Amino acid sequence: MKVYSYTDLTKHQGEKLLFSNIDFSITQGDKIGVIGVNGTGKSTLLHIIGGTEEGDSGAKDHPNDYKISLLEQDPSFDENTGLLDYMYSSPSEVFELIREYEKALERLQTSSDDRAVQEKVMMLQQKMDAMDAWDVSANSKAILSKLGLTDFNKKLGELSGGQKKRAALARTLIENPDLLILDEPTNHLDYQSIRWLEDYLAKYQGAVLFVTHDRYFLDRVSTKIWELSGGNLYEYLGNYSSFLEGKAIREENESSQASKKQNLYRKELAWIRRGAKARSTKQKARIQRFEELEGTVNKNSQQSSLTMDLTGTRLGKKVIELTDVTKEYGKQTVLKDFSFLFKPGDRIGIVGKNGTGKSTLLNIIEGQITPDSGSIDKGQTVKIGYYKQENEDMDGNMRMIAYLRETAEVISLKDGSSISAAQMLERFLFPMNTHGTPIRKLSGGEKRRLYLLKILMSSPNLLLMDEPTNDLDTQTLTVLEDFIDNFSGVVITVSHDRYFLDKCTEQLFVFQGEGRIDKYYGSYSEYLEEEAGQKAKANAPISSPVQESKPKPKKKKLTYSEQKEWDGIEGRMNDLENRITEVQAAMAGTGSNFEKANDLMKEEQALNQELEELIERWTELSDKLEGNE
């Protein structure tokens, strides 16, 4: 079993310390997701392990034949290179043979009578047989097709930016290294491609190390989570759900202040455990139990210091009404006779392919673009906050705290209290010692986080967001989602992030192209599943109208022991829930006694696990009873 390890890795970026004497190892089969607030060095760590950057100190160790492939977030391309030539451009004897064979085939198509070319192709075919290169070639084209690249004869210069990133991902995958390093691999992938990649990586024999903001992807692929925080690396076994629980426990043990963050992480953990898919299945009892448990936890916990409970500007009954709005660019229609009445409290997600007009709709609502026809009626109390894909012009010499104070020195909260700009920076994951940092020294993600905070501090009551998850880390997104959950105004967001849309929207505008916009009530995951089901049904072979009748399955009956178990299961569930409530009340009164708090938390985890198993069993027995009715 091959292992890559690093000891005492230290890395500075200018004056900033990213890592301090961190140790880690990567074992064959590991699927490791890297998490950290923007600016903590996630991409730098990937590049150090990938060999494209050096640490300041430390020692790495791995076998001599250990092979690593790195997918960068912004790979470079030679526009004149053909797609297949690019795929096989890595130094490898098999790839060199495939390149030579593909070129020989091209010559044969133009010189089919040339004896020398024919013999060259036959000789290369024999070599391909000997080296099993056919499988590599077929696998390469299959991966390209799964990622939406089916025209293998195109040059890279003919591809869109998203297609180039997919080509880079495909090339990295076919190298089949011992360690696969991926920086934001889901960017520019559609839902079907993401699900395919999740399955591919789950079955991958080597190790995978990746950074992503897609928390569904993180949860489904990861077997470990690395968190970068304060120059340290923390490792958690399991997926994103396990990380949320482990992080809450670690912070509660480390500091008395950490208990203030407990509520946010527990809410996040409860939500992802329920899962978007569960909303549309028969697990209603389980969902209800989680919601009751979540309510009990919230009731007995202190308010989270991360909760973004800003007052916002008062919003009247009238928000915005669009009537028969049409917009064209040349011969392309992006909106056609679109009408909608936005109401207070609306949570609307906008989805669709690039170029279909999603951002145009936001710009029309904001007033930056005038439609060709139709009317826009905006309420007098509406105050818009618009988070765009590009930051506003920032003075690089201005310090963070001064940038925020341009908007407000003090912000009012819903409970009547107020909070300073410095405190707001802390709530948005900027430590106190960084507040005087000039903006030019911030990473791209940190600038995006600062820009978002300034918009929220302007107290909007209509929030427009264009791809908010692209450059924000998972921790910042958790804080933003908590803000939206408490926000009394209207939220309209363009996004491709399934997790964010499932959590923050209740209705979708689906841009289908040519000005057509479908409205869908429900989550994005539910929409994608329905769409996939309709496609599968449309592509299914037509069955013969004459079918042999099949005997009806016999009804399942509860055995004597199962009936006895069913009669007492609800009482056992109630007893467990009561004990969980008692434990949570005891936890709230432990104060600084961390040893007692830790024991109570372990008991709570065990009780919750037992309750989950009972709920699963309750569902099984319930299904049997339903079958008898």
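Contact here means heavy atoms within 4.5 Å. The legends below describe a predicted model, in which local features need pLDDT of at least 70, side-chain atom pairs count only at pLDDT 80 or more, and totals for chains, interfaces and linings use all residues. Residues are numbered from 1 along each chain as its sequence is written, and side-chain values use heavy atoms, with hydrogens and water left out.

**View 1. T474 and its surroundings.** T474 touches I35, T212, H213, R215 and Y240, not counting residues up to four places away in sequence. T474 belongs to helix α16 (residues 474–486). Helices (H or I, at least four residues) and strands (E, at least two) are DSSP runs, numbered from the N terminus. T474 has 5% relative accessibility, so it counts as buried. Buried means under 20% relative accessible area, exposed over 50%, and partly exposed in between (1.4 Å probe, protein chains only).

**View 2. The whole chain.** The protein chain holds 20 helices and 20 strands. Of its 629 residues, 49% count as buried. Take the contacts between residues at least 6 apart in sequence: 70% of them join residues at least 24 apart. The chain exposes about 30,800 Å², and carbon and sulfur atoms supply 46% of that area. Accessible areas come from the Shrake-Rupley method with a 1.4 Å probe; for residues, only the protein chains shown count as cover.

**View 3. An open sheet of 6 strands.** The strand order is β5-β6-β7-β3-β8-β9, with mixed pairing. At the edges are β5 (68–71) and β9 (232–237), each pairing on one side only. Neighbouring strands of this sheet are turned by 20 degrees against each other on average, direction ignored. Two strands pair if DSSP finds at least two bridges between them. β3 (residues 31–36) and β7 (residues 207–211) pair in the parallel sense over 4 bridges. G33 stands opposite F210 in β7. Helix α1 (residues 42–50) lies across β3, β5, β6 (179–183), β7, β8 (224–229) and β9. It runs at about 150 degrees to β6. Axes are lines fitted to C-alpha atoms, for helices over the stretch in contact, and angles run from 0 to 180 degrees between N-to-C directions.

**View 4. Strand β6.** In β6, 5 of the 5 residues are buried, so the strand is largely enclosed by the rest of the structure. In a regular strand the side chains alternate between the two faces of the sheet. L179, I181 and D183 point one way from β6, L180 and L182 the other way. β5 runs parallel to β6, joined by 4 bridges. L71 stands opposite L182 in β6. β6 and β7 also run parallel, with 5 bridges between them. The bridge partner of I181 in β7 is L209.

**View 5. An aromatic cluster.** Y216, Y236, Y240, F243 and Y499 form one aromatic cluster. The whole structure has 20 aromatic pairs. The ring centres of Y216 and Y499 are 5.1 Å apart and their planes lie at 65 degrees, so this pair is edge-to-face. Y216 sits in helix α8 (residues 215–221) and Y499 in helix α17 (residues 498–504), 283 residues apart. Y240 and Y499 also pair edge-to-face, at 6.5 Å centre to centre and 85 degrees between the planes. Y240 lies in helix α9 (residues 240–254) and Y499 in helix α17, so this pair ties together parts that are 259 residues apart in sequence. Rings of Phe, Tyr and Trp (its six-membered ring) pair if their centres lie within 6.5 Å; planes under 30 degrees apart count as stacked, over 60 as edge-to-face and the rest as tilted. Y216 is buried. Y240 is buried too, with a relative accessible area of 1%, and Y499 is buried at 0%.

**View 6. R99 in helix α3.** R99 is found in helix α3 (residues 93–110). Leaving aside neighbours within four places in sequence, R99 is in contact with D85, Y88, S89 and S90. R99 and L84 are 15 residues apart in sequence and 7.8 Å apart in space, C-alpha to C-alpha.
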